[in-house]
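Here is a short briefing on one protein and its ligand. Start with the sequence and the model below.

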Amino acid sequence: MSTKLKRKAQLQCPNWYLGNCIGCDIYIDKKYLKRNNWAPVLLSIDSKKSDKPCIVEKGCDYFNKFIK
Ligand code: SF4
């Protein structure tokens with residue numbers, strides 16, 4: 001681990017696990033939210049990131065949305 005971004009991911013990203021990424025993402029269905037005025041928070045596992053080394057230096061949407 002060498003960069004500030006990786007250090008920040010290590011300290012603040014809930015997906016960080018021993019240098020690898022758990023790959024969990026969270027989202028809501030915005031159309032459902034608009035129709036019902038509420039929406040469940042959904043979780044999914046991104047198989048491209050799960051159990052692989054953290055890719056924050058190459059660009060990570062999760063990191064940019066929730067941590068940066
Ligand atoms: S790849 Fe992204 S989501 Fe996964 S541990 Fe790194 S910063 Fe977190």
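How many helices and strands are there in the protein? There are three helices and five strands. The model is a predicted one. The points below cover the fold, the ligand shell and the core.

**Fold and dimensions**
- Read from the N terminus, the order of elements is α-β-β-β-α-β-β-α.
- The radius of gyration of the protein is 14 Å, whereas a compact globule of 68 residues would have one near 11 Å.
- The C-alpha trace spans about 45 × 20 × 20 Å along its principal axes.
- Of the contacts between residues at least 6 apart in sequence, 53% join residues at least 24 apart.

**Ligand shell**
- The residues around the ligand are Ala9, Cys13, Asn15, Trp16, Cys21, Lys49, Cys54, Ile55, Val56, Cys60, Tyr62 and Phe63.
- By class, this shell holds 10 nonpolar residues, one polar residue and one charged residue.

**Burial and core**
- Buried residues account for 13% of the 68 residues in the protein.
- The largest nonpolar core has seven residues: Ala9, Cys21, Cys54, Val56, Cys60, Tyr62 and Phe63.
- In soluble globular proteins, nonpolar side chains tend to be buried together.
- Cys54 belongs to this core and is also part of the ligand's surroundings.
- Beyond its neighbours within four places in sequence, Cys54 is in contact with Lys6, Ala9, Trp16, Gly19, Asn20 and Cys21.
- Among these partners of Cys54 are Ala9 and Cys21; Ala9 and Cys21 are core members too.

Technical notes:
Residues are numbered from 1 along each chain as its sequence is written. This is a predicted model: local features need pLDDT of at least 70, side-chain atom pairs count only at pLDDT 80 or more; totals for chains, interfaces and linings use all residues. Helices (H or I, at least four residues) and strands (E, at least two) are DSSP runs, numbered from the N terminus. The radius of gyration is taken over C-alpha atoms; the globule rule is 2.2 Å times the number of residues to the power 0.38. A residue is buried if 20 or more other C-beta atoms lie within 10 Å of its own, exposed if 12 or fewer, and partly exposed in between; C-beta atoms are placed from the backbone. Two residues are in contact if their C-beta atoms, placed from the backbone, lie within 7 Å. A residue is near a molecule or strand if its C-beta atom, placed from the backbone, lies within 6 Å of it. Ala, Val, Leu, Ile, Met, Phe, Trp, Tyr, Cys and Pro count as nonpolar, Asp, Glu, Lys and Arg as charged, and the others, Gly among them, as polar. A nonpolar core is a set of buried Ala, Val, Leu, Ile, Met, Phe, Trp, Tyr and Cys residues joined through C-beta atoms within 7 Å.
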